[in-house]
Amino acid sequence: MCGIIGVLCKNSNAGKIAYEGLKRLDYRGYDSWGLAVKNDGLLIYKRTGKITKLPKKMFYGSCAIGHTRWATHGKISVRNAHPHISQNGKIAVVHNGVIENFQELRDFLAKKGFSFSTETDTEVIPMLIELYLSRNLCFRESVRKALLHLKGSYAIVAISELHNSLIGARRGSPLVAGFANGTFLLASDMQAIAPYATKAMFLEDSELIEFNRKAKVYDIETGKRINKPVKKIDLKLHSADKRGFEHYMLKEIYEQEQAIKNASLQSNALIEKVTKLIKQAEKVFIIGCGTSMHAAMFGSYFFASIASIQANAILASEFQNFLNLVNKRTVVIALSQSGETADILEAVKSAKEKGASVIGIVNVVGSSLTRLADATIMMNAGPEICVLATKSYLAQLSVLYLLANSLIKKHEQAKKELSEAARLVPTIIKTNESKAKRLAKKLKNAKSIFIIGKRESAVTALEAALKIKEVSYIHAEGFASAELKHGTIALIEKNVPVIAFASDASDESITNAIEAKSRGGFIIGVSSEKAKCFDYFFAIPKSKLFSILSIIPIQLLAYYLALSRNLDPDKPRNLAKSVTVK
Ligand code: M6R
């Protein structure tokens, strides 16, 4: 959700570095943004909307914090934008997460004479820090004591006009510390600090870090020092530029050839370890949210059809309802691009408390899920910046296909199949991109788009609908094709677009597409063969992995629908890349 950054540096460029870092975090939330710089006093600058120019005077200072917001408490306004400051104006705080007991804390602070000027949950934090500073505690202890009041989740960074340190802390929301020559950084993710830092340290829940001349980590509960390792940063893993593409979304669609290849290049030792865990398990759950949930559903088809193993795909946010089935003979496969999704982390923690083993399938290096899981398979898709999941989805499907095949000792063959599928990606894009552009112009005012498919393609239909909805704001609904006649067909009338995924012209979905056509539907086929009923056709070369590859034309369609409606495909409204609140 929100992106946060903090900088403390020897030269006086803290504001500039924080601003540059913030721009690399804006995919986390973009309702409003703001910075605080410590110069003579604290200078604050806040704006609504996406990040624009920062006045020069904000560039200079020894210490700065910044925030890009995804609103939870309080409407989108300059007032509610972060940083938030204490009553005396001397403490500034940026926060990602949700303080559940903020009302209680406001009442408590109001009785002590504090008054509030925003609707946010965050504002209680600088006020509490001011309260403890007024009791003659040092800055670090004041922050720590303030944090002990909070219920809910947070990653915060705080600075003070009166102290020369930068303080960060986390519980439930991500925070990484970066180190360069004389510069200390704190941020929600590595993207923001990678260009400046050569070394990094991932903070865990209940840890507080204080930077002044050195970095020191403390346990928030006890106040005791903790020794933590600092790791070298591999810059390649975190570099993210558009490489000449107009948008990250298109670039990431194009990168899917490499994403499939990289995802299939897993070490045999790791695959064997994970396979063993799954084989020994009495029950297997695959969990995820959004696109990752679709990958989980795909996984359950793969496990059943390839390895005859039952694996229940469950939404991470609903997993609590299945906890009574979880014990130490359970394996939970948790899918997450970011590795920071709050619903996933909560489900994983609960499963671990019940003794289950957790296998993470994750893209972001060093993310919380990688640290919680008993074994982690990295997707290796590279940074995915567009809010829409595209290449990470194909990478997830590739890993799951590999795993399902490794359960029947066919992973070498699966690797070959995946590499052949990867080779088809450029052809699929080349054949279909201009068609997608034309179709987008035709459909840009559609009220609804219906999408059907059978077996794994029923899941592709769900994913296709999600892509169209989230980026073009056109209502889209995907389902298993046979379901059409059980209700939704009532909505099909003249020219209503229906996308049908059909591996070839004999696919059972064709029958349902014909039923829709008989009611006037405009049928868009995604198939390796042009069936008679198709009014429009996206061609996929014949492949065993049709179900994995066939999403690509619809990702392109979604992208061009957004462009034809003058929308920014990288930052759809109301969304954020990493959903770190519940
Ligand atoms: O980082 P995760 O894979 O855990 O994220 C899960 C969902 O929030 C994510 O897939 C979301 O649905 C995307 N916007 C889909 O394009």
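What follows is a short briefing on the ligand and on one glutamate.

This is a predicted model, in which local features need pLDDT of at least 70 and side-chain atom pairs count only at pLDDT 80 or more, while totals for chains, interfaces and linings use all residues. Residues are numbered from 1 along each chain as its sequence is written, and side-chain values use heavy atoms, with hydrogens and water left out.

**Shell around the ligand**
- The ligand is surrounded by 14 residues (a heavy atom within 4 Å of the ligand), and the closest are S292, S336, S338, T341 and E470.
- By class, 5 of the shell residues are nonpolar, 7 polar and 2 charged (Ala, Val, Leu, Ile, Met, Phe, Trp, Tyr, Cys and Pro count as nonpolar; Asp, Glu, Lys and Arg as charged; the others, Gly among them, as polar).

**Atoms facing the ligand**
- A backbone N or O atom of A389 lies 2.8 Å from a ligand oxygen atom, and one of V387 lies 3.3 Å from a ligand nitrogen atom.
- K467 places a polar side-chain atom 3.0 Å from an oxygen atom of the ligand.

**The E384 site**
- E384 is found in the loop between β20 (375-378) and α12 (391-406) (DSSP runs numbered from the N terminus: helices H or I of at least four residues, strands E of at least two).
- Its relative accessible area is 3%, so E384 is buried (under 20%, with a 1.4 Å probe and protein chains only).
- The E384 side chain makes a polar contact with the side chain of K577 at 2.8 Å (a pair of N or O atoms within 3.5 Å; within protein, one must be able to donate a hydrogen and the other to accept it, and residues adjacent in sequence count only if both atoms are side-chain atoms).

How values were computed
Buried < 20%, exposed > 50% of the residue type's maximum accessible area, 1.4 Å probe, protein only.
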